[in-house]
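This briefing is meant to be read alongside the sequence and the coordinates. Please keep both open while going through the points.

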Amino acid sequence: MQIYLARNNEQAGPYTLEQVNSMLASGQVVLSDLAWHDGLDNWQPLGQLTGGRLHYAPNTSTPFSSAPVAQPSTYQHTTPVNLNKHAATSEAEIASVGKRILGAVIDNVLTVLAAAPIIPHIDLAALEQSSGSMADMQALMANVPEQSLMLTAGILILILIIQAFLIITRGQSIGKILMKTRIVDQQTKVRPGPMNTFVIRTLVTNLAYNLPVVGMFILLADLGMMLFSDQRISLHDHLAKTLVLDARPEQLPNASANNPNS
């Protein structure tokens with residue numbers, strides 16, 4: 001079997017299976033590199049082919065015939081190159097704690113700003129004395145004009161739609177775009193699917209943070225795990241099997257988008 005590899009729009013190979021496994025073991029080839037060999041319909045991340053392992057054991061013995069032609073992700077054919085020369089640019093750094101916290105702060109500030117239409121109508125003194133109960137909240141909102149409530153609701157929905165679109169398509173919220181960080185799959189180092197990025201990592205996490213009493217403890221546990229993890233993997237990263245790295249173009253392909261059968 002002969003295998004072609006590609007990184008940063010440069011194609012290398014063909015290599016034997018033994019060479020590919022040797023380069024995987026030594027770090028010359030990484031799981032986010034794309035691979036193609038006879039029997040595949042399209043280029044796919046090595047991490048997807050290996051199941052996240054640093055060893056490729058394909059279930060085919062079909063001899064190599066010809067390189068892929070006119071595939072959606074086809075690269076310019078070149079003579080074999082040393083993929084390791086791109087390692088410094090291909091392997092993005094793990095995002096710093098400061099970048100992650102600032103990104104989250106920006107996202108939350110945007111949500112708070114959405115309440116701007118109702119703030120002038122709220123008794124701030126009564127808000128300070130409020131216990132946070134549903135009855136107190138209803139009393140505070142009693143004097144807010146309906147138009148202001150509707151405007152705030154509309155802004156919140158718009159922000160949610162924009163954030164959902166960005167997270168699903170880019171692995172980035174507005175805060176992460178400004179901080180130049182991106183959510184990636186722990187194994188393949190490319191953008192995960194929407195279930196991981198938006199449903200588990202965003203919706204479920206934010207619902208957990210807002211639970212009465214226990215929400216604060218979940219938030220503190222999340223922050224603590226991120227601070228003391230070597231790869232800064234927080235609680236919600238563990239649940240979604242994600243990492244937050246400095247943003248790079250090669251992280252954008254969805255981990256499952258290169259599978260023609262999905």
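The points below cover a sheet, a pair of helices and a pocket in this predicted model.

**The sheet and its helix**
- Four strands in the order E2-E1-E3-E4 make up an open sheet with antiparallel pairing, and its edges are strand E2 (10-16) and strand E4 (44-45), each of which pairs on one side only.

**Packing of H7 with H9**
- Helix H7 (residues 146-170) packs with helix H9 (residues 194-209) at an angle of about 135 degrees, the two axes being 8 Å apart, which means that H7 is oblique to H9.
- Leu160, Ala164, Ile167 and Ile168 of H7 meet Pro194, Thr197, Phe198 and Thr202 of H9, and by class this contact has six nonpolar, two polar and no charged residues.

**The largest pocket**
- The largest pocket has a volume of about 1,200 Å³ and a lining of 31 residues, of which Ala104, Asp107, Asn108, Asn206 and Tyr209 lie nearest its centre.
- Helix H4 (97-113), H7, H9 and helix H10 (214-228) are the elements that give two or more residues to the lining of this pocket, and H9 gives the most, with eight residues.
- By class, the lining of the largest pocket comprises 15 nonpolar, eleven polar and five charged residues.

Notes:
Residues numbered from 1 in each chain as written. Predicted model: local features only at pLDDT ≥ 70, side-chain atom pairs only at ≥ 80, totals over all residues. Heavy atoms only, no water. Axes fitted to C-alpha atoms, helices over the stretch in contact; angles between N-to-C directions. Parallel < 35°, antiparallel > 145°, perpendicular 65-115°, else oblique. Contact = heavy atoms within 4.5 Å. Nonpolar A, V, L, I, M, F, W, Y, C, P; charged D, E, K, R; others polar. 1 Å grid on protein atoms, 1.4 Å probe; cavity = no way out; pocket = protein on both sides within 12 Å on 5 of 7 lines; lining within 4 Å. Points joined across faces, edges and corners; volume = space filled by probe spheres on them. Pairing = 2+ DSSP bridges.
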